[in-house]
Amino acid sequence: MNFEQIYRLYFQDVYHFMLALCRNETLAEEITQQTFFKALQNIDQYKGNCQMKVWLCQIAKNTYFTHAEKQKRYVKEQADREDDLKIEQQILKKEQAFYLHQLVHQLDEPYKEVFSLRVFGELSFLQISQLFEKTESWARVTFYRAKKKIQQMAKEEQ
């Protein structure tokens, strides 16, 4: 029996076996194709101790498990990389926040307090103006000046 006959005779059996195993039509077809490719490459290893269909299904099963293991490793590696990135981002945010606090600490009043209330306290300009018993415009201008002073200090340190 030539390989084309083997392919035609057993393709559906191997495909349905894979579909039952993985429950994904696309993957089942891909694994089935790989199975016949591997079988063609290794046809000399078929001893005839079992039915051809059993041998092909064994190749399919091994191919599927190898594929599944690679996917599991890939997903785990992706998750590990994402976790590492999240940790690095958190550390960077903390370092940046600490650096910003250091710069704010160097500001004179009322710039230090207005900036802190706006950025860290998340207060509106109206709320800040009420705390200082000033106008909302005063709060905006003071915040803007504080921000410019911080940017200037950061440039000078570079």
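**Note on selected residues of the predicted model**

1. At 34% relative accessibility, lysine 147 is partly exposed (between the limits for buried, under 20% relative accessible area, and exposed, over 50%, with a 1.4 Å probe and protein chains only). Lysine 147 belongs to helix 6, residues 136-157 (helices are DSSP runs of H or I, at least four residues, numbered from the N terminus). Its C-alpha atom is separated by 10 Å from that of leucine 103, 44 residues apart along the chain.

2. This is a predicted model, in which local features need pLDDT of at least 70 and side-chain atom pairs count only at pLDDT 80 or more, while totals for chains, interfaces and linings use all residues. Residues are numbered from 1 along each chain as its sequence is written, and side-chain values use heavy atoms, with hydrogens and water left out.

3. Threonine 35 sits in helix 2, residues 25-41. With a relative accessible area of 0%, threonine 35 is buried. Apart from neighbours within four places in sequence, threonine 35 has contacts with Val14, Leu56, Ile59, Ala60 and Thr63 (contact means heavy atoms within 4.5 Å).

4. Serine 129, in helix 5 (residues 125-132), is also buried, its relative accessible area being 3%. Residues up to four places away in sequence aside, serine 129 touches Lys134, Thr135, Glu136 and Ala139.

5. Which helix holds glutamate 88? Glutamate 88 is part of helix 3, residues 52-105.

How values were computed: Helices (H or I, at least four residues) and strands (E, at least two) are DSSP runs, numbered from the N terminus.
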